[in-house]
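Visitor: I would like to learn how to read this model, one feature after another. Please show me where to begin.

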Amino acid sequence: MTKACVIGWPIKHSRSPMIHGFWLHKYGIEGGYEKVAVSPDDLPDFLNNLAANGFSGCNVTVPHKEQAFKLAHELHDEARAVQAANTLWLAGGKLHATNTDIYGFMTHLDQSAPGWNAKQRPVALLGAGGAARAILYGLLQRGASDVRIFNRTKERAVKLASFYEKGVRVVDWQNRDEGLEDCGLVVNTTTLGMSGSPPLDLSLNKLPNDSVVADIVYVPLETPLLAAARQKGCRVVDGLGMLLHQAVPGFERWFGVRPQVTTELRDLIVADLGE
Ligand code: ATR
């Protein structure tokens, strides 16, 4: 029986077992997907003994994404681009690593805002952490040529922008309201708006009404930012879709079936988030 898992520290709140469990059942696959709490000190041992512990691969979540990237043997382009891995699998005796957050975000954006085009108008990216790095790479790959990065700690935004020669510029966090002028897409990758965190203080007055507003926060599903965008008539892209879609490539690698992100799966996770 093929088995995979998700590792993190802590791991209690991960929804990945629910997502993969849904697909295993749906496609009638005799496989398993578990969550395993792995401390940072235990990570190298755990990954070295993945096969011995019966796993074909794993998902990696906070705080192990950068370390897993360093420990893997075969690095795929997306992992290199983000310098972090969230999906690992064994092949030919080697540990392969990729980053499916890019795929997850871009796929959900394409589906939620059909016709949206990276090349047409500037993009505002709020935040400069790991998620921002994955999304920035995805946007640039699609031909975005004017991405404005806003981050509270400016040095982090400057560092993120420095990985690319063109297409990215840093704008002061204080100037984020005016910085939305002419933008076709706004993406919040900060933790602001998440339940337990303050809301993102951002005025959408300068943003054109026909823009797209995306948030990677999914608890709550409709963040104050998305509610304001919806009220303005913008198309909105929630954070849950990214979580669901990023799981697809890993499932296919481990279990050999490319799974579908359906309304049924989404409803299952939404119900769980509400508890
Ligand atoms: P991840 O890797 O998941 O993206 P992270 O590296 O912790 O997470 O990044 C969190 C983002 O939220 C950062 O851009 C952070 O800004 P700083 O780089 O200045 O820390 C942003 N963030 C968190 N709390 C914030 C706050 N109160 N105000 C503004 N930005 C905040």
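Visitor: Is S16 buried or exposed?

Guide: Buried means under 20% relative accessible area, exposed over 50%, and partly exposed in between, with a 1.4 Å probe and protein chains only. S16 counts as buried because its relative accessibility is 9%. This is a predicted model, in which local features need pLDDT of at least 70, side-chain atom pairs count only at pLDDT 80 or more, and totals for chains, interfaces and linings use all residues. Residues are numbered from 1 along each chain as its sequence is written, and side-chain values use heavy atoms, with hydrogens and water left out.

Visitor: Where is S16 placed, and with which residues is S16 in contact?

Guide: S16 belongs to helix α1, residues 16-26; helices (H or I, at least four residues) and strands (E, at least two) are DSSP runs, numbered from the N terminus. Contact means heavy atoms within 4.5 Å. Neighbours within four places in sequence aside, S16 is in contact with V6, Y33 and N59.

Visitor: What is the order of the strands in the open sheet?

Guide: Strands of a sheet pair through backbone hydrogen bonds, either parallel or antiparallel. Two strands are taken as paired if DSSP finds at least two bridges between them. Here six strands form an open sheet with mixed pairing, in the order β2-β1-β3-β5-β6-β4. The edges are β2 (31-37) and β4 (74-75); each has a single partner strand, so one side of each is left without a neighbour in the sheet. For β4, two parallel bridges link it to β6 (residues 94-98), and E74 has H96 as its bridge partner there.

Visitor: Which way do the residues of β10 point?

Guide: In a regular strand the side chains alternate between the two faces of the sheet. In β10 (residues 185-188), L185 and V187 point one way, V186 and N188 the other way, and all are buried. Strand β7 (residues 123-126) runs parallel to β10, joined by four bridges, with A124 opposite V186. β11 is also joined to β10 by four bridges and runs parallel; there A214 stands opposite V187.

Visitor: Which residues are closest to the ligand?

Guide: A residue is near a molecule if one of its heavy atoms lies within 4 Å of it. Thirteen residues surround the ligand, the closest being G130, N151, R152, T153 and R156. A ligand oxygen is 2.9 Å from an N or O atom in the side chain of R156, and a ligand oxygen is 3.0 Å from a polar backbone atom of A128. By the Shrake-Rupley method with a 1.4 Å probe, the ligand taken alone exposes 650 Å², and the protein buries 69% of that.

How values were computed. A polar contact is a pair of N or O atoms within 3.5 Å; within protein, one must be able to donate a hydrogen and the other to accept it, and residues adjacent in sequence count only if both atoms are side-chain atoms.
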